[in-house]
Amino acid sequence: MSYGIYKTKLKNGTDSFRVSFYHNKKHIAIGSYPDEKMAGKALDEALKLYDDTTITIWNFRNFITTVSTDKCVTILNHRDHNVYIRTPIYLMQGYFLYFLDGFGILKFDNDDLFYYSTHRILIHDGHLYVNDYGSQYSLFSRYGIRNFAVKGVDYDFANGDSTDLRYENVIVINPYNGVRQIDNNGMIRFEAKIHINGYIRLGIFRSVEEAATAYNKAVDYCQSHGIDKNYVKNYVVDLSADQYRELYSKIDLPESLINSVS
């Protein structure tokens, strides 16, 4: 058996060939392969990544066919920055790249480095998420963007690049449930709606806080009349408790909602 290749068996008894080695006293695990020939190729490629500096983070796919993208990025970051990170992160000046097969290269602020070096990004039905404490969390929740928020309506990207997730590039247009920003005769206004059997418009408001409060009041009204559709109420962060109560009391719910509930 060649250096760096270890023969093991899977639970079903099938032979497997595990590839790992030490580089600068760091144990580098490459993965397991179904035969020794493929394992040997993976070992050669991994060692080449360390030795051949003409292979870079931008061109490695032209040279590597057996080692996974994740492992290639980890090795290149270790080689170039002497920092070993288990997730596919490559450090840049002031930010880092996260290589995600099937999606592209994501950019993040260094403030998020610890989090994404310990949490692997996954894709499900085109949505990006991480597993944390046994639950799935959307990447966008870290920016205050709600699940099922719509790009261009609830959030957008300052430079138009949806893979650039640095905080300065992510624009949160609407952080609240049941609310959307609209153009009302050239003026920015906020429309509030609630869903019962269909959507009912609660009104058009001057501020996003007023629209979010109107939605909360409609939820309270529906629930007090026996309608509970797992509504998620808004926490209106920019209002004090007294301001919220005053605004809540001034909002009149439309007849369309009262008639629908009745």
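## Salt bridges

R142 is partly exposed, with a relative accessible area of 32%. The model is a predicted one. In it, R142 forms a salt bridge with D112, and the closest N and O atoms of the two residues are 2.8 Å apart. R142 belongs to the loop between β9 (135-138) and β10, and D112 to the loop between β6 and α3 (113-118), so this contact ties together parts of the chain that are 30 residues apart in sequence. D112 has a relative accessible area of 1% and is therefore buried, the limit for that class being under 20%.

In total, 14 salt bridges are counted. Another of them is formed by K107 and D161, whose closest N and O atoms are 3.3 Å apart. This pair links distant parts of the chain, 54 residues apart: K107 lies in strand β6 (residues 104-109), and D161 lies in the loop between β10 (155-157) and β11 (170-172). D161 is partly exposed, at 23% relative accessible area.

D220 is part of helix α4, whereas K233 is in the loop between α4 and α5, so the pair ties together parts that are 13 residues apart in sequence. Both residues fall into the partly exposed class: the relative accessible area is 22% for D220 and 39% for K233.

Salt bridges also link K7, K9 and D15 in a network.

## The sheet β1-β2-β3

Three strands make up an open, antiparallel sheet, in the order β1-β2-β3. Strands β1 (5-9) and β3 are at the edges and have a single partner strand each, so one side of each is left without a neighbour in the sheet. From one strand to the next, the twist averages 25 degrees. Five bridges pair β1 with β2 in the antiparallel sense, and the bridge partner of I5 is V19 in β2.

Helix α1 (residues 36-51) packs on this sheet and touches β1, β2 and β3; the direction of α1 makes about 20 degrees with that of β2. Helix α2 (residues 69-81) lies across β2 and β3, and runs at about 165 degrees to β3.

## The sheet β12-β13-β14

A further open sheet consists of three strands in the order β12-β13-β14, with antiparallel pairing. Its edge strands, β12 (179-184) and β14 (199-205), each pair on one side only. The twist in this sheet averages 35 degrees from one strand to the next. Strand β12 is joined by six bridges to strand β13 (residues 187-195), and the two run antiparallel. Within this region, D183 stands opposite I188 in β13.

Helix α4 packs on the sheet and is in contact with β12, β13 and β14, its direction making about 15 degrees with that of β13.

## Backbone at K25 and N230

Most residues other than glycine have a negative phi. Which values are found at K25 and N230? K25 is not a glycine, yet its phi is positive, at about 70 degrees. K25 is located in the loop between β2 (15-23) and β3 (26-33). Its relative accessible area of 83% places K25 in the exposed class.

N230 likewise has a positive phi in a residue other than glycine, with a value near 60 degrees. N230 is found in the loop between α4 (208-224) and α5 (241-250). At 69% relative accessibility, N230 counts as exposed, because the limit for that class is over 50%.

## Cysteines

How many disulfides does the structure hold? The count is zero. As for the cysteines themselves, C72 counts as buried at 1% relative accessibility. C222 is buried too, with a relative accessible area of 0%.

Methods:
Residues numbered from 1 in each chain as written. Predicted model: local features only at pLDDT ≥ 70, side-chain atom pairs only at ≥ 80, totals over all residues. Heavy atoms only, no water. Disulfide = S-S within 2.5 Å. Buried < 20%, exposed > 50% of the residue type's maximum accessible area, 1.4 Å probe, protein only. Helix = DSSP H or I, 4+ residues; strand = E, 2+ residues; numbered from the N terminus. Salt bridge = Lys/Arg side-chain N within 4 Å of Asp/Glu carboxyl O. Pairing = 2+ DSSP bridges. Axes fitted to C-alpha atoms, helices over the stretch in contact; angles between N-to-C directions. Contact = heavy atoms within 4.5 Å.
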